[in-house]
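My notes follow in the order in which I took them.

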Amino acid sequence: MSRPFSADVDRGAPEPRIVLRGDVTAAADPGLPDAYAEATRSGATSVLLDFADVGFMNSTGIALVVELLADAMQHGRSLRATGLSAHYREIFEITRLAEHITVVTGTAAETAAAGGTA
């Protein structure tokens, strides 16, 4: 069953964190780009994408992430991803997204990446 998409920006960490929920498909447009624009509006040099509550991501969702990456690269920002399931970590490797988006894995690393303490 499809889960509605939402993206919320959390500014409580050293870098803006976009918390994604639901399915990252065509329905994530314009919500994901809008959240990214909000996260970078204040001049952030790095953005963390939190996929922990994402159930499904299709090729259109991957394309949206690629669009964020293109914008980040154009503006000298870095993107990081946390909360990816093993399946989506593999997808990031296969599509070579992991060469440009730092994938943070492991509970302690994810906590540190989010601005907390391990």
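I started at Asp34, which I found in helix 1 (residues 31–40); helices here are DSSP runs of H or I with at least four residues, strands are runs of E with at least two, and both are numbered from the N terminus. Asp34 is partly exposed because its relative accessibility is 48%, where buried means under 20% relative accessible area, exposed over 50% and partly exposed in between (1.4 Å probe, protein chains only).

The model is a predicted one, in which local features need pLDDT of at least 70 and side-chain atom pairs pLDDT 80 or more, while totals for chains, interfaces and linings use all residues. Residues are numbered from 1 along each chain as its sequence is written, and side-chain values use heavy atoms, without hydrogens and water.

I then looked up the charges around Asp34. Together with Asp29, Glu38 and Glu67, Asp34 forms a negative surface patch. Patch members have over 30% relative accessible area and no salt bridge, and like charges are joined within 9 Å; a salt bridge is a side-chain nitrogen of Lys or Arg within 4 Å of a carboxyl oxygen of Asp or Glu. The charge is placed at CG of Asp or CD of Glu.

Asp29 came up again in the backbone check. The peptide bond from Asp29 to Pro30 is cis, with omega near 15°, and Pro30 sits in the loop between strand 2 and helix 1. I also noted Arg96, a non-glycine residue with a positive phi, near 70°. Arg96 lies in the loop between helix 3 and strand 5 (101–104) and counts as exposed because its relative accessibility is 51%. For reference, most residues other than glycine have a negative phi, and most peptide bonds are trans.

Next entry: is Glu15 buried or exposed? Glu15 is buried, since its relative accessible area is 10%. Glu15 belongs to the loop between strand 1 (6–10) and strand 2, and its C-alpha atom is 6.8 Å from that of Leu48, 33 residues away along the chain.

Last, the whole chain. I listed four helices and five strands, in the order β-β-α-β-α-β-α-β-α. Of the 118 residues, 40% count as buried.

Key: Patch = residues over 30% accessible without salt bridge, like charges linked within 9 Å, V, L, I, M, F, W, Y side chains within 5 Å. Areas by Shrake-Rupley, 256 points an atom, 1.4 Å probe, with all protein chains shown as cover. Lys, Arg positive; Asp, Glu negative; His and termini not counted.
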